[in-house]
Amino acid sequence: YIILMIQNVLTVLEARLSSKRPKVAFSFGLSDAGRIGPFNTDITLKFTKVFTNFGQAYNPNTGIFTAPVRGVYYFRFSAMNSNVNGPLGVQVYLNGKRVSWNYGRDSNWYGRATNAFIFQLEKGDVVYLVLPVGYDIFDHNYNVTTFSGFLLFPV
Ligand SMILES: *[C@@H]1O[C@H](CO)[C@@H](O)[C@H](O)[C@H]1NC(C)=O
């Protein structure tokens, strides 16, 4: 009987905790457009193909993820290009400050780049990926270039 009571209390607590914990998880493909770039200025990459976007924290119109709550978040991307118009380049930005500069150049075939970060973010902090000037990136309906992230836990 006591065990049953404890189980009930745990179930109630669990439900309350999970309802307080915001659901934030996104996964997007870049586009079906093929090659993007190179451009003569840095551009924020807009991932437009939605696989999931719990909490709508990633905005495909701007390419910007905005943290809805203070917490610890995980982000990752993989990117590809065909090296026809230059090497692949992807930069990771946190609040207007570059955190990572990734590039890929294979001598005779595809360029690839991938990376992952865990950031502690304040509510309103922004994370986004940038295509640097002179570099290009590729995606088509095979979904080879993707950007994903989720809230690990609020703090
Ligand atoms: C890419 O994703 C879309 C949407 O889920 C899917 O319909 C399509 O089959 C995927 N492409 C491949 C090659 O798997």
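**From the loops to the core**

N143 comes out as partly exposed, with a relative accessible area of 32%; the cut-offs here are buried under 20%, exposed over 50% and partly exposed in between, using a 1.4 Å probe and protein chains only. You'll find N143 in the loop between β12 (137-139) and β13. Its phi is positive, about 60°, although N143 is not a glycine.

Before going further, some ground rules: this is a predicted model, so local features need pLDDT of at least 70 and side-chain atom pairs count only at pLDDT 80 or more, while totals for chains, interfaces and linings use all residues. Residues are numbered from 1 along each chain as its sequence is written, and side-chain values use heavy atoms, with hydrogens and water left out. Strands are DSSP runs of E with at least two residues, helices are runs of H or I with at least four, and both are numbered from the N terminus.

Back to the backbone. Q56 also has a positive phi, near 55°, and is not a glycine. Q56 sits in the loop between β4 (49-54) and β5 (58-59), and at 62% relative accessibility it counts as exposed. Then there's P38, in the loop between β2 (34-36) and β3 (43-44): the peptide bond from G37 to P38 is cis, with omega near 0°. Why point these out? Because most residues other than glycine have a negative phi, and most peptide bonds are trans.

Now for the inside. The largest nonpolar core has 27 residues, and F65, F75, I137 and F147 touch the most other members. A nonpolar core here is a set of buried Ala, Val, Leu, Ile, Met, Phe, Trp, Tyr and Cys residues joined through side-chain atoms within 4.5 Å. As a general matter, nonpolar side chains in soluble globular proteins tend to be buried together.

Leaving out residues up to four places away in sequence, F75 touches F26, F65, N115, A116, F117, F119, L121, V127, F147, S148 and G149, where contact means heavy atoms within 4.5 Å.

What about the rings? The whole structure contains 18 aromatic pairs, a pair being Phe, Tyr or Trp rings (the six-membered one for Trp) with centres within 6.5 Å; planes under 30 degrees apart are stacked, over 60 edge-to-face and the rest tilted. F26 and F147 make an edge-to-face pair, 5.1 Å centre to centre with 80° between the planes. That pair links distant parts of the chain, with F26 in strand β1 and F147 in strand β13, 121 residues apart. F26 is buried at a relative accessible area of 2%, and F147 is buried at 2% relative accessibility. Y74 and F150 have ring centres 5.3 Å apart and planes at 35°, so that pair is tilted. It too spans the chain, from Y74 in strand β7 to F150 in strand β13, 76 residues apart. Here Y74 is partly exposed at 26%, and F150 is partly exposed at 35%. One aromatic cluster is made up of F26, F28, F47, Y58, F65, Y73, F75, F117, F119 and F147.

On a 1 Å grid over the protein atoms alone, a cavity is a set of points where a 1.4 Å probe fits but cannot get out, and lining residues have an atom within 4 Å of a point. F75, R76, F77, V92, N115, A116, F117, F119, V127, L129 and F147 line the largest cavity. Two or more of these come from each of β7 (71-81), β10 (111-121) and β11 (126-131), with β10 giving the largest share, four residues.

Conventions. On a 1 Å grid over the protein atoms alone, a cavity is a set of points where a 1.4 Å probe fits but cannot get out, and a pocket is an open set with protein on both sides within 12 Å along at least five of seven lines; lining residues have an atom within 4 Å of a point.
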